[in-house]
Protein chains: 2
Amino acid sequence: MKRNVLIIGAGGVAHVAAHKCAQNNILLGDIHIASRTLSKCQAIIASIKEKGNQRGPGQLKAHQLDAMDIEATKKLIRDTNSQIVLNLGSPFLNMSVLQACIETGVAYLDTAIHEDPAKVCETPPWYANYEWKRRDACRQAGVTAILGVGFDPGVVNAYGRYGMDAYFDTVDSIDIIDINAGSHGRYFATNFDPEINFREFTSTVWSWEDGKWKANAMFEHKKEWDLPVVGKRTAYLTGHDELHSMSANLGVPNIRFWMGFGEHYINVFNVLNNLGLLSEKPVRTAEGLEVVPLKVVKAVLPDPASLAPTYTGKTCIGDLLKGTKNGKPQEVLLYNVCDHEEAYKEVGSQAISYTAGVPAVAAAMLIADGVWDVSQMVNVEELDPRPFIELMNRIGLPTRVRDARGDRDLDPFAECPELSERETLGKVVVD
Amino acid sequence: MKRNVLIIGAGGVAHVAAHKCAQNNILLGDIHIASRTLSKCQAIIASIKEKGNQRGPGQLKAHQLDAMDIEATKKLIRDTNSQIVLNLGSPFLNMSVLQACIETGVAYLDTAIHEDPAKVCETPPWYANYEWKRRDACRQAGVTAILGVGFDPGVVNAYGRYGMDAYFDTVDSIDIIDINAGSHGRYFATNFDPEINFREFTSTVWSWEDGKWKANAMFEHKKEWDLPVVGKRTAYLTGHDELHSMSANLGVPNIRFWMGFGEHYINVFNVLNNLGLLSEKPVRTAEGLEVVPLKVVKAVLPDPASLAPTYTGKTCIGDLLKGTKNGKPQEVLLYNVCDHEEAYKEVGSQAISYTAGVPAVAAAMLIADGVWDVSQMVNVEELDPRPFIELMNRIGLPTRVRDARGDRDLDPFAECPELSERETLGKVVVD
């Protein structure tokens with residue numbers, strides 16, 4: 001049993017996570033929020049109070065922290081007596097925050113892969129470049145570290161694992177599809193940190209095909225998908241974190257990630273990218289100022305958080321699995337639909353932040369109550385997906401399943417009372 | 001008679017002007033080139049020597065100068081014994097360089113209106129905001145200052161004046177049309193300093209209609225023109241310097257400027273502009289760096305000079321005048337066609353720089369031989385256009401005329417032996 005949560009970061013996902021932690025603070029204990037900018041943390045706390053989202057008594061406190069400073073982070077963990085650290089800051093921080101957790105023996109969670117500000121899209125599998133190098137250190141320290149536990153990566157990893165165990169003998173392919181059918185009404189905006197958003201699309205698109213990495217170009221492959229609620233949508237093969245662990249852990253020969261883009265987004269992206277404005281490498285102005293173009297693009301774009309009040313429409317994110325069951329072809333879609341307006345009403349954020357923040361809190365709750373407190377570093381597909389899916393059903397992100405039997409709410413324990421033989425951590429035995 | 005030329009600036013236009021001055025240094029004397037970056041001046045001199053463009057003996061020398069520093073500019077004028085200053089640097093320098101010329105009593109020329117880095121597109125007429133405030137000072141000092149004597153503004157002002165005197169009793173409209181039908185082969189590039197290029201299009205488009213200023217939006221009005229050599233081309237109503245003096249000096253009720261743009265240029269422009277990346281107002285990055293977005297866009301775009309070696313195709317710039325002669329409707333197009341490849345062969349620049357640099361040198365030559373040395377501040381349409389057009393016919397920018405009589409080379413003195421009654425400076429009497 002672990003209690004007291006330190007949230008690092010004060011962006012959109014941290015905002016949602018703080019609200020959800022506060023709603024569940026009877027289990028989670030004190031909630032601390034820390035970022036470089038104290039006022040951002042204070043604003044989150046004010047919005048929690050305004051929405052009446054703090055359920056039980058306990059601390060709700062803002063802290064100033066440069067999380068690149070490992071000693072400062074360790075001190076804050078100790079001072080606040082936090083046993084779970086939710087790292088929802090910039091992905092540049094991951095390795096520093098993880099180190100602070102290892103040295104203080106507390107649990108670590110994040111929602112996106114570590115990135116080096118100076119590099120884009122490194123050799124696959126990406127997790128092997130940074131995070132997995134700390135596996136032994138986590139095991140030795142008995143530290144639970146759950147990597148990439150937002151929606152994608154995160155929930156989609158659990159969907160992949162769950163789908164395999166519940167519905168298939170063999171799985172040939174997992175296509176992860178991420179569609180935002182919402183509208184923010186601005187000329188152009190990214191739904192989360194533009195710097196991170198664009199970095200996803202500016203280099204090689206890795207896909208896992210026939211058990212091997214395949215290099216593609218951005219916007220090289222597109223496909224129209226027919227999805228529940230959002231209907232027919234064009235999505236493009238995109239590089240994404242989850243492929244880099246699922247390919248290693250699931251034994252499925254084809255795993256691909258597809259992201260929906262409108263023509264307008266692609267046009268703006270192409271212009272910026274072709275001009276070199278999405279580059280993470282500094283340029284020098286005529287006046288001699290060294291500046292990273294991408295950081296200037298970020299500075300002129302709307303703050304993703306500012307989109308929330310007028311955001312309408314829904315997201316649909318899920319895994320389409322294809323394979324066989326009892327010798328017959330089988331096709332199953334596991335998915336969630338999230339509504340921008342409802343998310344805003346509940347926690348003051350749009351659905352993109354909501355879908356990333358809620359799973360991280362669900363994971364923290366599973367660590368807090370011991371189910372997922374596995375004392376080692378894992379990716380989500382290595383854990384029992386059922387308690388995770390079941391908990392999210394209750395705290396805002398219900399899962400549905402569409403297959404030959406129809407389209408229905410998913411009761412994860414009912415449809416899969418027993419997991420496969422595959423090694424699984426945090427496994428729940430159903431009586 | 002004035003001799004010795006100090007060129008300020010080392011960009012594309014300065015490059016062309018330096019070559020042309022060197023070709024005509026028997027008249028112009030010593031040629032000095034000064035800019036913030038000494039190596040750029042040295043590179044220009046090296047290219048003049050490489051092309052064998054220095055005609056007579058005399059100095060050809062590079063200098064380091066911050067031309068915002070009036071005292072340093074005055075010292076350089078005196079040290080080099082220059083009597084003509086060709087200001088071809090950034091338009092932010094105009095008022096400083098002009099002041100240095102007034103205080104040292106030497107002639108001043110430029111090719112673009114003064115701009116304040118912090119403002120875009122000020123109240124019309126633009127010349128009244130800065131340059132014309134120094135008219136009295138020029139007159140008192142007996143200083144010849146010719147404003148805006150590139151192609152547009154510059155030659156097109158002379159075309160307006162010449163057309164009125166040579167072919168019309170009354171002129172109802174002058175449409176200045178600037179088409180670059182060339183191809184640089186890059187994804188996107190501007191043909192001169194991107195900062196200045198974009199500043200032309202990011203705010204109100206002023207046109208002179210029915211004797212009044214009219215405010216339009218960029219890309220609000222377009223028109224297809226059928227022009228010699230380049231054929232049918234779409235051009236857009238654009239704000240431009242020359243309207244701001246011609247409207248005051250010529251008594252023509254409608255004066256408009258049209259610039260040709262391809263759809264790709266407009267798309268890129270619109271994306272950058274809508275995102276706020278063409279703003280001259282600083283933004284602050286998440287890391288706290290203050291930076292002007294437009295300066296970063298400039299930094300990532302190709303150096304206009306780098307386009308020259310592979311630039312193909314032609315420009316066509318001219319004035320279409322409509323009015324009456326002897327009670328009948330009359331329509332005359334005065335124009336020049338310039339070839340990118342030929343310009344590169346001769347001086348190592350593309351046609352955009354060539355068409356701006358050659359007229360400035362022609363004007364300097366007319367000051368040097370006394371014809372245009374008028375001891376006051378003028379815009380080009382206040383001067384006798386004939387010696388200017390005639391001189392350009394001989395040094396690289398021949399003028400043609402298209403009217404009911406056909407399409408032909410223009411012999412300016414033959415077609416207009418006598419100017420109108422309008423006050424004209426630097427007037428040449430034809431014997």
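1. B:Val229 sits in a loop of chain B, the one that runs between β10 (222–227) and β11 (231–237). The model is a predicted one. The phi angle of B:Val229 is near 65 degrees, which is positive although the residue is not glycine. Most residues other than glycine have a negative phi. B:Val229 counts as exposed, because its relative accessibility is 61% and the cut-off for exposed is over 50%.

2. A:Asp210 belongs to the loop between β8 (205–209) and β9 (212–216) of chain A. Its phi is near 50 degrees, again a positive value in a residue other than glycine. With a relative accessible area of 60%, A:Asp210 is exposed.

3. The hairpin of β15(A) and β16(A) supplies another positive phi. Two residues lie between these strands, and in this hairpin A:Asn326 has a phi near 50 degrees. The strands themselves, β15 (residues 314–325) and β16 (residues 328–339) of chain A, run antiparallel and are joined by twelve bridges. Within this pairing, A:Leu321 has A:Val332 of β16(A) as its bridge partner.

4. Strand β16(A) also pairs with β18 (residues 400–403) of chain A. That pairing is antiparallel and consists of three bridges. One residue to look up here is A:Leu333, whose bridge partner in β18(A) is A:Arg402.

5. Most peptide bonds are trans. The bond between B:Pro124 and B:Pro125 is cis, with omega about -5 degrees. B:Pro125 is part of the loop between β5 and α6 (135–141) of chain B. The bond between B:Asp152 and B:Pro153 is cis as well, with omega about 5 degrees. B:Pro153 is placed in the loop that connects β6 (145–147) with α7 (155–167) of chain B.

6. B:Leu109 is a residue of strand β5 (residues 107–110) of chain B. It counts as buried because its relative accessibility is 0%, and buried means under 20%. Neighbours up to four places away in sequence aside, B:Leu109 touches B:Ile84, B:Val85, B:Leu86 and B:Asn87, and its contacts also include B:Ile146 and B:Val149. Further along the sequence, B:Ala360, B:Ala363, B:Ala364 and B:Ile367 are also among its contacts. As a distance check, the C-alpha atoms of B:Leu109 and B:Leu250 are 21 Å apart, with a sequence separation of 141 residues.

7. A:Val361 is in helix α13 (residues 351–368) of chain A. At 0% relative accessibility, this valine is buried. Which residues does A:Val361 touch, not counting those up to four places away in sequence? They are A:Ala17, A:Lys20, A:Cys21, A:Leu28 and A:Leu86. From A:Val361 to A:Gly318 the C-alpha distance is 19 Å, and the two are 43 residues apart in sequence.

8. B:Thr315 is found in strand β15 (residues 314–325) of chain B. Is B:Thr315 buried or exposed? Its relative accessible area is 1%, so B:Thr315 is buried. Apart from neighbours within four places in sequence, its contacts include B:Ile179, B:Asn180 and B:Ala181. B:Asn336, B:Val337, B:Cys338 and B:His340 are also in contact with B:Thr315. B:Ala351, B:Ile352 and B:Thr355 are in contact with B:Thr315 too.

9. Overall figures for chain A follow. The secondary structure comprises 15 helices and 19 strands. Along the principal axes, the C-alpha atoms occupy a box of roughly 65 × 50 × 40 Å. Of the contacts in chain A with a separation of 6 or more, 73% are between residues 24 or more positions apart.

10. Of its 431 residues, 61% are buried. Chain A exposes about 16100 Å², and 48% of that comes from carbon and sulfur atoms. There are 44 positive and 55 negative side chains in chain A. The centres of the two sets of charges are 1 Å apart.

Technical notes: Residues numbered from 1 in each chain as written. Chains lettered and ligands numbered in written order. Predicted model: local features only at pLDDT ≥ 70, side-chain atom pairs only at ≥ 80, totals over all residues. Heavy atoms only, no water. Helix = DSSP H or I, 4+ residues; strand = E, 2+ residues; numbered from the N terminus. Buried < 20%, exposed > 50% of the residue type's maximum accessible area, 1.4 Å probe, protein only. Contact = heavy atoms within 4.5 Å. Areas by Shrake-Rupley, 256 points an atom, 1.4 Å probe, with all protein chains shown as cover. Lys, Arg positive; Asp, Glu negative; His and termini not counted. Charge placed at Lys NZ, Arg CZ, Asp CG, Glu CD. Pairing = 2+ DSSP bridges.
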